[in-house]
Amino acid sequence: MKTEVSEMEERKGKGEVMSGTLDLSALPLDCITLIISFTSPRDACRLSLVSTALNSATESDAVWESFLPSQFQALIPSSLSFSSKKQLYLILCENPLLIEAGRKSFWLDRVSGKKCYMLSPRDLSIIWSDTPDYWRWVSIPEARFDEVAELLSVCWFEIRGKITNKVYGFNYYPVNLSVGVVGTEGSKRSAYLQPKKERRGRLYWRIREEQPTPGDDVQFPKARVDRWLEVEMGEFFNEGCVDDGELEMSAVEIEGGNWKGGLILQGIEIRAITPN
């Protein structure tokens, strides 16, 4: 030992830089598992390709349970079967679960493991939704919830809390969208709720002659893989992971004065921003 130290000091004295690498696969399996549990699901999948030892560690229940939300047992229905925590993780990524008596759905972002939610129309504040002449509640097979809200016709469009398919009357005036903590200004943006290629379609109702020209910062709906359309309402950064306060979202169009209809609202989705 003394010889090794003296040799090291001699090399340092000569200005040599000594470096080394850690062979992670040489560590005990429990240590490897613990280290990987502090990474992310994407990192775990990448590490599984490095060696047989790392692959064994990344497949362990201990790793994938660390990527599941705390108290995940309370969210899982008794009818849900799975053979491993990794399989459960993938199920929660690909098959949203209905929670809170079917008023919300919950799933995990596949890459990061972060929790995502969709608020059903019944969980939102929709002006005139209790008036059958303006809105009606319908059931459609492709919807995530038992009921969705169909807009028949309103001139005062206002949804608070948390949008989809072909709409008419929304192609002349953009909807004002906002996201932020209750009591604060929040982020604001504008969006048309009718796809850009359909804005020259037939009129749903008589409207004013003056129509605003879309600006560069105005959004249009984008198609999702589930064949619904979506419009991004805004971004919110929870600095310090603070749990206090409420996040409020709104979609409002009350200035144009034209009648709007044909919208089917499935809900408002709150999902994680996945890093590149």
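**View 1. A network of salt bridges links Arg224, Asp226, Glu230, Glu269 and Arg271.** In this predicted model, the five residues Arg224, Asp226, Glu230, Glu269 and Arg271 are joined to one another through a network of salt bridges. One link in the view is the salt bridge between Arg271 and Glu269, in which the closest N and O atoms are 2.3 Å apart. Arg271 is partly exposed, since its relative accessible area is 45%, a value that falls between the limits of 20% for buried and 50% for exposed residues.

**View 2. Asp123 and Lys104 are joined by a salt bridge.** A search of the whole structure finds 15 salt bridges, and the pair in this view, formed by the side chains of Asp123 and Lys104, has an N to O distance of 2.7 Å. Asp123 lies in the loop between strand E3 (115–119) and strand E4 (125–126), whereas Lys104 belongs to strand E2 (residues 104–108), so the pair ties together parts that are 19 residues apart in sequence. With a relative accessibility of 23%, Asp123 counts as partly exposed, while Lys104, at 16%, counts as buried.

**View 3. Glu158 and Arg160 meet in a salt bridge.** The side chains of Glu158 and Arg160 come together with an N to O distance of 2.7 Å. Glu158 is buried, because its relative accessible area of 14% is under the cut-off of 20%, whereas Arg160, with a relative accessibility of 32%, counts as partly exposed.

**View 4. Lys85 is a buried residue of helix H6.** Lys85 is found in helix H6, which covers residues 85–94, and Lys85 has a relative accessible area of 16%, so it counts as buried. When its neighbours within four places in sequence are left aside, Lys85 is in contact with Asp61, Trp64, Glu65, Leu68 and Phe72.

**View 5. The largest nonpolar core contains 20 residues.** Within this core, Leu124, Ile126, Trp135, Phe157, Ile159 and Met233 touch the most other members. At least two residues of the core come from each of strand E6 (148–151), strand E7 (157–160), strand E8 (175–181) and strand E12 (247–253). Another core, which lies apart from this one, has 19 residues, including Leu88, Tyr89, Cys93 and Phe106. As a general background to such a view, nonpolar side chains in soluble globular proteins tend to be buried together.

**View 6. Three strands form an open sheet in the order E5-E6-E13.** The pairing in this sheet of 3 strands is antiparallel. Strand E5 (135–138) and strand E13 (264–265) stand at the edges, and each has a single partner strand, so one side of each is left without a neighbour in the sheet. Strands E5 and E6, which run antiparallel, are joined by 4 bridges, and Val138 stands opposite Val148 in E6. In general, the strands of a sheet pair through backbone hydrogen bonds, either parallel or antiparallel.

**View 7. Trp128, Trp156 and Ile254 form a nonpolar patch on the surface.** Together, the three residues Trp128, Trp156 and Ile254 have about 300 Å² of accessible area. Trp156 is found in the loop between E6 and E7, and with a relative accessible area of 41% Trp156 is partly exposed.

How values were computed
Residues numbered from 1 in each chain as written. Predicted model: local features only at pLDDT ≥ 70, side-chain atom pairs only at ≥ 80, totals over all residues. Heavy atoms only, no water. Core = buried A, V, L, I, M, F, W, Y, C linked by side-chain atoms within 4.5 Å. Buried < 20%, exposed > 50% of the residue type's maximum accessible area, 1.4 Å probe, protein only. Pairing = 2+ DSSP bridges. Contact = heavy atoms within 4.5 Å. Patch = residues over 30% accessible without salt bridge, like charges linked within 9 Å, V, L, I, M, F, W, Y side chains within 5 Å. Areas by Shrake-Rupley, 256 points an atom, 1.4 Å probe, with all protein chains shown as cover. Salt bridge = Lys/Arg side-chain N within 4 Å of Asp/Glu carboxyl O.
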